[in-house]
Each structure stands twice: as C-alpha cells, then as structure tokens.
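Biologist: I am new to this structure. Please show me how to read its features, one at a time.

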Amino acid sequence: MASVCKIVTRQLSTSVGRQGPVKYLTVIGSGLMGSGIAQVAAATGHNVTLVDQTDDILNKSMGNMKKSLERVAKKKYADNPKDGEEFISGVMGRISTNTDSSKAVEKADLVIEAIVENLGVKKQLFSALDKAAPQHTIFTSNTSSIPITDIAASTQRRDRFGGLHYFNPVPMMKLLEVVRTSETNDETFNTLMEFGKAMGKVTVPCKDTAGFIVNRLLVPYMLEAVRLVERGDAAPRDIDVAMKLGAGYPMGPFELSDYVGLDTMKFILDGWHERDPDHPLFKPSALLNKLVGEGKLGMKTGEGFYKHKK
Ligand SMILES: NC(=O)c1ccc[n+]([C@@H]2O[C@H](COP(=O)([O-])OP(=O)(O)OC[C@H]3O[C@@H](n4cnc5c(N)ncnc54)[C@H](O)[C@@H]3O)[C@@H](O)[C@H]2O)c1
C-alpha cells in the first residue's frame, strides 16, 4: 500500500553504489512497485531481470522507468546533459526483461516478487521458482498484507525466504521494511538488510505480523478517522485540518486515504479481519464499504472522501 504522507523530505536514490552480496536480482511483476524496485536497484549498480506476463507490459514499464530517470537526470545533471544521458543509458542497460519467470531466476542471487496481491497466485509462482532457482537464491515478497510465512510455505527454502516491503513511489521513499519470519535464517536476514542499504534505503527489521510496522499503525489510524465520521463526531475536512495542524501530520487521514485508494484500504482491512475477526481495530467499516461499492476509490477514480480533478 502506498504510505506517502507528503513528498517533502524525499531524496532520490540515483547513484551507483555498492552491490553487496546480491549481484543478480530478479524482480517479478513490473507494475507500480516492481518497476520502481527495478529502477532503483539498477541505479545502485545491480543487474536486474524484470519479469511480467507479456512483452507489452514490460515495454510499457521500461518506458515509464526511462521517463522517471529522465526527470532525475534533468535535475541531477542540469549543467551537463551528456552525463545525464550516460546515467540513463547506464541504468537502463543494467535492466533486462523476460516473460518466463523460471528462466529469469536461473542466475538470481535474490528474487523480489511484486505481482498481484493474491496468496494463491503468489504460492503458485514461488512453487515453480523454487524448482528453477539455484540453492543459494533468496526469495522475498513485497506483499503489503499477506503473511510472508504463508507464501514461503509453497517452497522448500523457508529459511531463505523473507519480506522486502517497499513504499510507493519506490525511487522517492527511503524506507524499506525487512521482514523476518520465524524460519528466516541469519544469513538471509543479514543479506536482505545489506541489500536494502546497498539500494540506498533505510532498513528497519520487523517480524512477520499483520501490516508489519507502517501499515499496522497507519491503516487502523485511517479507519479510526472513518469511524469518527460514521458516528457523526466530526467531518472529514475538519479531521484532516485537525491532524495537520494539531498533530503536525503532512496530510490528513482522508487526504491520505484518497491517495492510497479506498479499495486498497478495504482489501487490507478485510484480510486482517478474516484472520483475526475479534480484533476491534480490524472490524469492517460500513462507510468504507459503501464508497468502494459505489466505485469511489479516491484519486484514481476522481472521487473518494473528496472530489478530485482527474
Ligand atoms: N501499490 C502500493 O502502494 C504497494 C506498496 C507496497 C507493496 N505493494 C505490494 O506490491 C505488490 C504489487 O503491487 P503493485 O501496486 O505494483 O501492483 P500492480 O498491479 O501495479 O502490478 C502487478 C504486476 O504484476 C504482474 N503480474 C501478475 N501476475 C503475474 C505473474 N504470475 N507473473 C508475472 N507478473 C505478474 C501484472 O501484470 C502487473 O504488471 C502487491 O503484493 C502489493 O500488495 C504495493
């Protein structure tokens, strides 16, 4: 889930850095998150193979990455456009694409999965990858809401399996949650922490619990704001003003909900509620369900708690 509060103190991860023990990285899923992860990994000197279902999707992702790098280069190499072009071609040159995920992991030191948020689909993918990847290859998922332990159960390498939870947009957001299950071994965990730092991220370790750190705090907070409105205690705009001016938050909970997507919030909440039905903070919200049912998903549909210009 996107957990952007405001793009204020962001730094771009653009420089070529130390590779660490991970030289060959395979990123599976070239959507919003996968393409961001691939871009930053390549910009920090890693050789990346990016996988998706079709060449069309991959070509589109490569085009988006190039545009993103052009924006970076325009700022970073404002006085020297030639160096900017070299920077872009260097990064793009470290990314290759493949539609065959089993072939794409044959040389991989690390696999990062960023495909659709569905346990069955993720398990099917990892079960096939487990047979194709070398013994030493570490597997990770970027899932926002599914327990890493459940995904890892589809493989014979549960000790070499962890979570790498990035934040959207990946080139801008500094944080990386490194998730350790009860079976992840020390070497794997240390490699993942080192890899995150080599990518220019600030890494925080966390256990394999619902929402890890950021979403575990953020989603219930946003839902509590929705419940205030459901009870008629306050209006969305007033709550947003209150949290910005009273708590110093860069965005209010309703602005943030519209940015993240109400469908994403509902999806995360429903998953937690299913696993822990008695938890009061994970109870479904009638207002959230109504808005999602009406297709009011936030900024992406032009309306959520607020109306947005498309
Ligand atoms: N969007 C966010 O803000 C965010 C933040 C953190 C984590 N995540 C997690 O990251 C993952 C990806 O999210 P996203 O927003 O990038 O999704 P997305 O829909 O933008 O991209 C998913 C991509 O995976 C591809 N795909 C689906 N099944 C595949 C398969 N079997 N093999 C290869 N490619 C396949 C799709 O074609 C698509 O291009 C999800 O698990 C999500 O929970 C998302």
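Biologist: Is K296 buried, partly exposed or exposed, and why?
Modeller: Burial is a neighbour count. A residue is buried if 20 or more other C-beta atoms lie within 10 Å of its own, exposed if 12 or fewer, and partly exposed in between, with C-beta atoms placed from the backbone. K296 has 18 C-beta neighbours inside 10 Å, so K296 counts as partly exposed. This is a predicted model: local features need pLDDT of at least 70, side-chain atom pairs count only at pLDDT 80 or more, and totals for chains, interfaces and linings use all residues. Residues are numbered from 1 along each chain as its sequence is written.

Biologist: Where does K296 lie, and what does K296 touch?
Modeller: K296 lies in the segment after α12 (286–293). Helices (H or I, at least four residues) and strands (E, at least two) are DSSP runs, numbered from the N terminus. Contact means that two C-beta atoms, placed from the backbone, lie within 7 Å. Not counting residues up to four places away in sequence, K296 touches L262, L291, T301, E303 and G304. K307 is 11 residues from K296 along the chain, and their C-alpha atoms are separated by 9.2 Å.

Biologist: Which domains make up the chain?
Modeller: Domain bounds come from an automatic or database domain assignment. Here the chain is divided into domain 1 (24–207) and domain 2 (217–301). Their C-alpha centres lie 29 Å apart.

Biologist: What is the strand order in the open sheet?
Modeller: Strands of a sheet pair through backbone hydrogen bonds, either parallel or antiparallel. Two strands count as paired if DSSP finds at least two bridges between them. The open sheet has 8 strands, in the order β3-β2-β1-β4-β5-β6-β7-β8, and its pairing is mixed. At the edges are β3 (95–98) and β8 (202–207), and each pairs on one side only. From one strand to the next, the twist averages 25°. For such angles, axes are lines fitted to C-alpha atoms, for helices over the stretch in contact, and angles run from 0 to 180 degrees between N-to-C directions.

Biologist: How does β2 pair with β3 and β1?
Modeller: Strand β2 (residues 47–51) runs parallel to β3, and 4 bridges join them. There, L50 has T97 of β3 as its bridge partner. β1 and β2 also pair in the parallel sense, over 5 bridges. L25 has V48 of β2 as its bridge partner. In β2, 4 of the 5 residues are buried, so this strand is largely enclosed by the rest of the structure.

Biologist: How do I read helix α5?
Modeller: Start with length. The expected span of a helix is 1.5 Å times one less than its number of residues. Helix α5 (residues 119–132) has 14 residues and reaches 20 Å from its first C-alpha to its last, close to the expected 20 Å.

Biologist: Which residues of α5 are buried, and which are exposed?
Modeller: K122, L125, F126 and L129 are buried. They cover an arc of only 95° around the axis, so they lie on the same side of α5. That arc is taken from the directions from the helix axis to the C-beta atoms. G120, Q124 and K131 are exposed, on the other side of α5.

Biologist: What do the buried residues of α5 pack against?
Modeller: They pack against β1 (24–28), α4 (101–104), β4 (110–113), β5 (138–141) and α6 (148–152).
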